[in-house]
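User: I'm new to this structure and would like a close look at one part of it. Could you walk me through the disulfides and what sits around them?

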Amino acid sequence: MPQYYEGKVEEQVACAGIKEDLKACLLQHDCILREGKSAAECLKEGHCKALQVSFFECKRSIVSIKALKLYLT
């Protein structure tokens, strides 16, 4: 189970849980801990790719919903 479900109050911000898991994944990765690289550099190298894609898809779905609402009004 993703870490953000464990013992936390549900947040009102969309995609917050996935963002928190992505952040935790990066902060625990050797790319940052041992090599001292930035999070952006580690993401470009492909670390935590599944969470990065999930976060992107979540954000894209929010944009799609907002665009649909504008189109329908």
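Analyst: Let's start with Cys 15 and Cys 58, which form a disulfide with their sulfur atoms 1.8 Å apart; to count as a disulfide here, a pair of cysteine sulfur atoms has to be within 2.5 Å. In general terms, a disulfide is a covalent bond between the sulfur atoms of two cysteines. This pair links distant parts of the chain: Cys 15 is in the segment before α1 and Cys 58 is in helix α4, 43 residues apart. Helices are DSSP runs of H or I with at least four residues, strands are runs of E with at least two, and both are numbered from the N terminus. About the S-S bond, the link of Cys 15 and Cys 58 has -95°, making it left-handed.

One thing to know before going on: this is a predicted model, where local features need pLDDT of at least 70, side-chain atom pairs count only at pLDDT 80 or more, and totals for chains, interfaces and linings use all residues. Residues are numbered from 1 along each chain as its sequence is written, and side-chain values use heavy atoms, with hydrogens and water left out.

Back to that pair. Cys 15 counts as buried, at 9% relative accessibility; buried means under 20% relative accessible area, exposed means over 50%, and partly exposed is in between (1.4 Å probe, protein chains only). If you skip residues up to four places away in sequence, Cys 58 touches Cys 15 and Ile 18, where contact means heavy atoms within 4.5 Å.

Next comes the disulfide of Cys 25 and Cys 48, with sulfur atoms 2.0 Å apart. It's left-handed too, with -90° about the S-S bond. Cys 25 sits in helix α1 and Cys 48 in the loop between α3 and α4, so this pair ties together parts that are 23 residues apart in sequence. Cys 25 is partly exposed, with a relative accessible area of 23%, while Cys 48 is buried at 11%.

The remaining link joins Cys 31 to Cys 42, S to S 2.0 Å. Its torsion about the S-S bond is about -100°, so this disulfide is left-handed. Here Cys 31 lies in helix α2 and Cys 42 in helix α3, so the pair ties together parts that are eleven residues apart in sequence. Both cysteines are buried: Cys 31 has a relative accessible area of 1%, and Cys 42 comes in at 0%.

That brings the count to three disulfides. Number the bonded cysteines along the chain and you get the pattern 1-6, 2-5, 3-4.

What do these cysteines pack with? The largest nonpolar core has nine residues in all: Cys 15, Leu 22, Leu 26, Cys 31, Cys 42, Leu 43, Cys 48, Phe 55 and Cys 58. Such a core is a set of buried Ala, Val, Leu, Ile, Met, Phe, Trp, Tyr and Cys residues joined through side-chain atoms within 4.5 Å. Helices α1 (16-27), α3 (39-44) and α4 each supply at least two residues of this core.

Now look at Ile 32, in helix α2 (residues 30-33). Leaving aside neighbours within four places in sequence, Ile 32 is in contact with Leu 26, Leu 27, Lys 37, Ser 38, Ala 39 and Cys 42.

Lys 37, one of those contacts, also forms a salt bridge with Glu 35, the closest N and O atoms being 3.2 Å apart. A salt bridge here is a side-chain nitrogen of Lys or Arg within 4 Å of a carboxyl oxygen of Asp or Glu. Glu 35 is exposed, with a relative accessible area of 51%, whereas Lys 37 is partly exposed at 26%.

Over in helix α4 (residues 49-72), Arg 60 and Glu 57 are three residues apart, about one helical turn. Their side chains meet in a salt bridge at 2.7 Å, N to O. Both are partly exposed, Arg 60 at 44% and Glu 57 at 36%.

Of its 73 residues, 18% count as buried. Residues 24 or more positions apart account for 38% of the contacts with a separation of 6 or more.
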